[in-house]
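This briefing is for a reader new to the structure shown below. It begins with a definition and then goes through the chain by topic.

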Amino acid sequence: MNLIWYILIGMLAGYLAGKIMRRGGFGLLTNLLLGIVGGVLGGWVFSLLGFQTTSIIGNLATSTVGAILLLWIASFFRRDY
């Protein structure tokens, strides 16, 4: 796939994860980073379960699930004052 598709998938996955978890967006750079790290995490989790995606929609779903998982894990480390 083209590099532009990976960047677009990362930004969209980060945005969707922010909407689902926070009901608001983050920022363009944060969405991109969240989507990229979420894509790696989601790909790793799905491969452990035996699933593999080959389409753009499958990559978007994997990245979004990974980004949501990343936000969920990060919520354990939040400090409340």
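Two rings of Phe, Tyr or Trp count as a pair if their centres lie within 6.5 Å; planes under 30 degrees apart make the pair stacked, planes over 60 degrees apart make it edge-to-face, and the rest are tilted. By this rule, 1 aromatic pair is found. The model is predicted.

**The aromatic pair**
- The pair is edge-to-face because the planes of Phe 46 and Phe 51 stand at 65 degrees, with the ring centres 6.2 Å apart.
- Phe 46 is partly exposed, at a relative accessible area of 24%.
- Phe 51 counts as exposed, with a relative accessibility of 53%.

**The chain as a whole**
- There are 3 helices and 0 strands in the chain, and the order along the sequence is α-α-α.
- Of the 81 residues in the chain, 30% are buried.
- Taking contacts between residues at least 6 apart in sequence, 66% join residues at least 24 apart.

**Helix α2**
- Helix α2 covers residues 28–49, which is 22 residues.
- From first C-alpha to last, α2 reaches 31 Å, close to the 32 Å expected at 1.5 Å a residue.
- The buried residues of α2 include the glycines Gly 35, Gly 38, Gly 39 and Gly 42.
- Asn 31, Leu 32, Leu 34 and Leu 41 are also buried in α2.
- Just after α2 comes Gly 50, which has a positive phi of about 95 degrees.

Terms used:
Residues numbered from 1 in each chain as written. Predicted model: local features only at pLDDT ≥ 70, side-chain atom pairs only at ≥ 80, totals over all residues. Heavy atoms only, no water. Helix = DSSP H or I, 4+ residues; strand = E, 2+ residues; numbered from the N terminus. Expected span 1.5 Å × (residues − 1). Buried < 20%, exposed > 50% of the residue type's maximum accessible area, 1.4 Å probe, protein only. Contact = heavy atoms within 4.5 Å. Phe/Tyr/Trp six-rings, centres within 6.5 Å; stacked < 30°, edge-to-face > 60°.
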